[in-house]
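This briefing summarises the strand pairing, nonpolar cores and selected local features of one protein model. The sequence and structure are shown first, and the points follow by topic.

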Amino acid sequence: MSGHDLFCQPRRIRHGVALTLVFASVLVAGAATGSFEESTGTSPAAGPANRAGRDDDVTEAAARAMAAGTSPVEAAERAVSRSGDRWGAVYSRAEYQEFEEALDGRYTGVGLSARRERDGRIEVSRVQPGSPAATAGIRTGDRLRSVDGVDVDGRPVTEVVSLLRGDADDAPAGTRVRLGLQRATRTWDAVVRRARLSTDPVTARRLGVGVTVIRVAAFTKGAGALVRGAADRAPRGDGIVLDLRGNSGGLVAEAVTAAGAFLDGGLVATYDVKGRQRALHAGADGDTTRPMVVLVDGGTMSAAELLTGALQDRGRAVVVGTRTFGKGSVQMPSRLPDGSVAELTVGHYRTPSGRSVDGHGITPDLEADRQALERAETVLGGLGDAS
């Protein structure tokens with residue numbers, strides 16, 4: 001699994017919710033946000049009655065805490081935890097503002113992405129140009145051994161990201177963090193200061209002759225149009241590798257726009273909210289001629305899984321990599337009496353063929369781990385060119 005120090009829940013979320021951004025503000029505007037909780041014997045279904053009941057319980061808990069002079073946020077969090085909603089979360093007013101800023105691609109961090117290797121080591125997978133990490137001389141491929149003295153070997157990437165951002169300490173821009181690093185046989189410590197950074201959610205590069213790689217780090221605002229632009233600028237005859245590894249999701253509307261760059265209309269996903277079925281469709285002018293591979297891994301989540309499932313089900317792309325995370329639920333926000341926000345699961349999305357993603361993920365057509373990009377290039381060679 002991979003993670004960037006942008007892509008985690010806002011600070012001090014106490015439920016231990018997995019690394020993801022559940023961008024519910026999109027749902028309010030009429031689109032869905034990624035991922036689901038499946039209805040089981042211990043987890044409530046996302047139907048209208050259950051949703052209304054959970055809303056009432058959480059709101060009442062917050063109101064009682066306010067009247068008693070205790071923390072409404074903590075009371076609401078306990079109510080969400082009791083509800084069994086795996087993806088439910090509560091945000092203070094400031095946390096939710098930070099959450100919304102992340103939609104615009106702004107965050108506080110050090111500017112590096114990390115992934116956990118099979119042996120548990122944490123490796124730097126990308127360094128954002130101009131970031132504190134870049135200024136400190138940290139490079140892709142360096143091993144991250146510790147953060148502020150905490151050994152990170154074997155820890156989930158979610159925890160490592162939280163340490164980098166200083167979530168437990170509510171660390172703002174300017175605060176210092178000490179990183180223990182290793183490059184080959186050299187070990188050293190680097191002290192960097194967190195900063196307000198802007199993401200570059202979509203990048204494109206040519207991989208040799210005939211292959212354009214479009215990497216999408218997250219579906220923040222405008223990412224869908226950037227994917228389309230990158231695809232349009234790819235040289236004629238190039239196949240496309242859409243790299244969604246480590247993409248922890250984002251705005252589903254942006255993922256649907258990205259799908260429209262490669263589909264000529266048609267269904268991208270279906271979803272339900274409060275028992276009502278809805279559908280998401282691609283635009284009708286995408287390029288369907290280029291051969292295409294989608295790269296995924298265990299850090300591919302939510303909206304990125306929705307896009308992967310659509311391209312796989314529609315026969316538009318070969319999916320290469322490892323099984324995706326498996327988050328396919330829809331959350332909606334509710335404002336609590338003190339101005340904090342609770343987000344509770346209200347429904348599920350499915351791929352065009354009707355597959356549920358939540359708890360299952362997307363199984364690639366071709367399994368590949370460390371050599372995934374090389375395998376993708378080989379697959380494109382077998383699919384032919386787009387001319």
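Strands β11 and β12 (residues 211-216) pair in the antiparallel sense over five bridges, where pairing requires at least two DSSP bridges between two strands. The model is predicted: local features need pLDDT of at least 70 and side-chain atom pairs count only at pLDDT 80 or more, while totals for chains, interfaces and linings use all residues. Residues are numbered from 1 along each chain as its sequence is written, and side-chain values use heavy atoms, with hydrogens and water left out.

**Sheet**
- Within this pair, R205 has V213 of β12 as its bridge partner.
- An open sheet of six strands, with mixed pairing, runs in the order β11-β12-β13-β16-β17-β20.
- β11 (202-206) and β20 (366-367) stand at the edges with a single partner strand each, so one side of each has no neighbour in the sheet.
- Strands here are DSSP runs of E with at least two residues, and helices are runs of H or I with at least four, numbered from the N terminus.

**Nonpolar cores**
- The largest nonpolar core has 43 residues, of which F219, L242, F262, V294, L307 and L311 touch the most other members.
- Helix α9 (residues 303-313) supplies the largest share of this core, six residues.
- A second, separate core of 19 residues includes I138, V152, L179 and W188.
- A nonpolar core is a set of buried Ala, Val, Leu, Ile, Met, Phe, Trp, Tyr and Cys residues joined through side-chain atoms within 4.5 Å.

**Helix α6**
- In helix α6 (residues 157-165), the buried residues are V157, V160, V161, L164 and R165 (buried: under 20% relative accessible area, with a 1.4 Å probe and protein chains only).
- They lie on the same side of α6, because they cover an arc of only 130 degrees around the axis, taken from the directions from the helix axis to the C-beta atoms.
- G166 follows α6 and has a positive phi, near 75 degrees.

**T345**
- T345, in strand β19 (residues 341-350), is buried with a relative accessible area of 0%.
- Its side chain makes polar contacts with the side chains of D85 (2.6 Å) and Q331 (3.0 Å).

Methods: Buried < 20%, exposed > 50% of the residue type's maximum accessible area, 1.4 Å probe, protein only. Polar contact = N/O pair within 3.5 Å; in protein donor to acceptor, adjacent residues only side chain to side chain.
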